[in-house]
Amino acid sequence: MSEPATGTSTVWRPRLSPKARLRWDEVEKRYMLVFPEAALMLNETAPEILKLCDGEHTVEGIVDSLIVRFVGIDREAIKEDVVGFLGRIKARGLLEA
Amino acid sequence: MGAPRPYTLVAELTYKCPLKCLYCSNPVNFHEMRNELSTEQWVRTFSEAADLGVVQLHLSGGEPVVRKDLPELIRHARSLDLYTNLITGGTLLNGEKLQLFRDCGLEHIQLSLQDTDGKTAELVAGARSYDKKLDVARLIKQVGFPLTINVVLHRLNIDHVPALIAQAADLGAQRLELANTQYHAWAQENQSSLMPTRAQLDRAEGVVLEARPRYQGTMEIAYVKADYYSDYPKPCMGGWARNYMVIIPTGEVLPCHAAHVIPGLHFDSVRDRSLTTIWAESQGLNAFRGDGWMQEPCRSCPKKTFDFGGCRCQAFLLAGDAAATDPVCSLSPRHDIIRAAIAKAEQGNGSLIYRDPKNSERLSTRPLAPASR
Ligand code: SF4
Ligand code: SF4
């Protein structure tokens, strides 16, 4: 997955689309992302990323805050995960431009 | 094997509607089904749905805005943490109602438009509605809702897809659904007037593919293909009674909005049994779960885990057997029915039968003869 093409990815400040909502699922005991057409079950990291998709944090900023939480994991690996995930949900129309 | 987890509830609150769309998916005999669930019955049903694992609620109809208790139902749904979407024709909305719905916690609105051309739009909707709908679309945005615009495509509007895309973008929709007509219910009555030609479809699909990248990130363009012109059927509802349930105004729990056309199936009402019991034990819901019911060619086809053999209602309506392979499939022994319908479409133009109580009454007294219709 390539980086979303909105100029340079360092200044991109992803914001969750107003139609999508992060929601705790009591049945499966994990977070899901719900929107009118579907619901996506999320792994452990995804909700942490989505909580930072507030239009304030840059992609680098998101990576920085995740590093604090996931000690011992390589920054480049985290960044690759973050960018890949953001690209996938953007392609589904879940992030604002 | 227990029943699968339902994720989505489509609550058809009423069959009342000020419009008379030629393609309406409400049952042709809707006028016989006037005994609507009460507020309390819907409230209890939403609670039971949430307990079963439902996360999305679509408030639909008919025109759901007809229901006076809509604000209360929205508030209750949100108290259950259901993602709450209103599916509306829009003509009964105004700024005040929209603000009230917003305050009650409504999260998203899906508005149907018929066409960019006002005359054709109103010909298809059977009522004055074009200007009002556009005003309402703007109000929806002003009040701050995310907006999906849904347009059912057919012979009369499919050539306007470029304008439909521009209009939706102009109105600030974050999603545009261009969905080819499914030929059930009223659409089946009007099939010879509504079926587009292959050339029309090819052009429309080309326009969508070309437009998508231009709107990437601002507006998603979903396109639902015309299954008559596809080689294989769609995975109808993601499989019979798997993740979706539709509850009709009278309380029966269905796997899709059309399933009561199939004879021999019994669908329980939430008036009589709890939703939990119905979901697990309903004869109608269990009839086509899994793949034990399948015949050849589906039974030994590798695609069956993806498309579930297509649409059961269509199999019944066209081939006269709800357990048959969907005739839309090119492997179906009854695919000739589809070829004949396409040939008829190329000649075009039948009658226009509007979805209104009078026609409903007339058509529901007709003896059932699906395969020969
Ligand atoms: S399709 Fe048209 S007539 Fe049918 S419920 Fe919707 S708005 Fe009403
Ligand atoms: S034969 Fe049945 S399972 Fe195979 S593609 Fe056709 S409808 Fe689907």
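**Close-up views of the predicted model**

**B:C17 and its loop.** B:C17 lies in the loop between β1 and α1 of chain B (helices are DSSP runs of H or I, at least four residues; strands are runs of E, at least two; both are numbered from the N terminus). This is a predicted model, so local features need pLDDT of at least 70 and side-chain atom pairs pLDDT 80 or more, while totals for chains, interfaces and linings use all residues. Residues are numbered from 1 along each chain as its sequence is written, chains are lettered from A and ligands numbered from 1 in the order written, and side-chain values use heavy atoms, without hydrogens and water. B:C17 has 29% relative accessibility, so it counts as partly exposed (buried is under 20% relative accessible area, exposed over 50%, partly exposed in between; 1.4 Å probe, protein chains only). B:E296 sits 279 residues away from B:C17 in sequence. In space, the two C-alpha atoms are 41 Å apart.

**The shell of ligand 1 includes B:C17.** Around ligand 1 stand B:C17, B:L19, B:K20, B:C21, B:Y23, B:C24, B:N26, B:G62 and B:R355 (near: a heavy atom within 4 Å). Five residues of this shell are nonpolar, two polar and two charged (nonpolar: Ala, Val, Leu, Ile, Met, Phe, Trp, Tyr, Cys, Pro; charged: Asp, Glu, Lys, Arg; polar: the others, Gly among them). B:G62 belongs to this shell. The loop that holds B:G62 runs between β2 (56-60) and α2 (70-79) of chain B. The peptide bond leading from B:G61 into B:G62 is cis. Its omega is near 15°.

**B:R355 links the ligand 1 shell to a ring.** B:R355 is one of the residues around ligand 1. B:R355 also lies over the face of B:F30, 4.2 Å from the ring centre (charge over ring: NZ of Lys or CZ of Arg within 6 Å of the centre and within 35 degrees of the ring normal). Elsewhere in chain B, the charged end of B:R289 sits over the ring of B:W279. Here the distance to the ring centre is 4.6 Å.

Over all chains, the structure holds five aromatic pairs (Phe, Tyr or six-membered Trp rings with centres within 6.5 Å; planes under 30 degrees apart are stacked, over 60 edge-to-face, the rest tilted). B:F30 and B:W186 make a tilted pair, with 6.1 Å from centre to centre and 55° between the planes. The pair links distant parts of the chain, 156 residues apart. B:F30 is in the loop between β1 (8-12) and α1 (39-52) of chain B. B:W186 is in helix α7 (residues 185-189) of chain B. Which accessibility class does B:F30 have? B:F30 is buried, at 7% relative accessible area. B:W186 is buried too, at 0%. The rings of B:W42 and B:F46 are tilted because their planes meet at 45°, with centres 5.8 Å apart. B:W42 and B:F46 are four residues apart in helix α1 of chain B, so about one helical turn separates them. B:W42 and B:F46 are both buried.

**An aromatic cluster in chain B.** B:W240, B:F288 and B:W293 form one aromatic cluster. B:A241 has a positive phi of about 50°, although it is not a glycine. B:A241 is found in the loop between β7 (220-224) and β8 (244-247) of chain B. B:A241 counts as buried, at 0% relative accessibility.

**The shell of ligand 2 includes B:P297.** The residues around ligand 2 are B:Y232, B:P233, B:P297, B:C298, B:C301, B:K303, B:K304, B:D307, B:G309, B:T325, B:C329 and B:L331. Seven are nonpolar, two polar and three charged. B:P297 is placed in the loop between α11 (283-287) and α12 (304-307) of chain B.

Chain A has three helices and five strands. What is the order of its elements from the N terminus on? They run β-β-β-β-α-α-α-β. Of the 97 residues of chain A, 46% count as buried. A:K29 lies in the loop between β2 (21-25) and β3 (30-35) of chain A. Its phi is positive, about 55°, although A:K29 is not a glycine. At 51% relative accessibility, A:K29 counts as exposed.
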